Amino acid sequence: MTRRENLSMGRKAESIYTAMKKNRANCEKKKAIFAARHTVSSFEEHIRRNADVKACYVYINGVSMPVLSA
């Protein structure tokens, strides 16, 4: 037997239903993380493309805010 074939006898075997629930939960977490990253990067890209010449963008508590110069 190789290391991969060794079975740990300390755990109860997972049923298909339990494995599906666990995989679905992991998938939902990954989707949420991806959506948050995509939203932030899309917002930053929008700011770069549509930057006003007289505006200066500053980060305040992690939020980019435009400050217009006179």
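Two strands count as paired when DSSP finds at least two bridges between them. Helices (H or I, at least four residues) and strands (E, at least two) are DSSP runs, numbered from the N terminus.

Welcome to the tour! This is a predicted model, in which local features need pLDDT of at least 70, side-chain atom pairs count only at pLDDT 80 or more, and totals for chains, interfaces and linings use all residues. Residues are numbered from 1 along each chain as its sequence is written, and side-chain values use heavy atoms, leaving out hydrogens and water.

**Whole chain.** Color by secondary structure to find 1 helix and 2 strands, in the order α-β-β from the N terminus. Of the 70 residues, 4% count as buried (under 20% relative accessible area; exposed is over 50%, partly exposed in between).

**The hairpin.** Select residues 55–60, strand S1, which runs antiparallel to S2 and is joined to it by 6 bridges. Click Cys56, whose bridge partner in S2 is Val67. Next, go to Asn61: the hairpin has 2 residues between its strands, and Asn61 takes a positive phi near 55 degrees.

**The surface patch.** Which residues form a nonpolar patch on the surface? Select Ile60, Val63 and Met65, which together have about 250 Å² of accessible area. Finish on Met65, in strand S2 (residues 63–68): Met65 is partly exposed, at 39% relative accessible area.

Note on methods. Patches are made of residues with over 30% relative accessible area and no salt bridge: like charges are joined within 9 Å, nonpolar side chains (Val, Leu, Ile, Met, Phe, Trp, Tyr) within 5 Å. Accessible areas come from the Shrake-Rupley method with a 1.4 Å probe; for residues, only the protein chains shown count as cover. A salt bridge is a side-chain nitrogen of Lys or Arg within 4 Å of a carboxyl oxygen of Asp or Glu. Buried means under 20% relative accessible area, exposed over 50%, partly exposed in between (1.4 Å probe, protein chains only).
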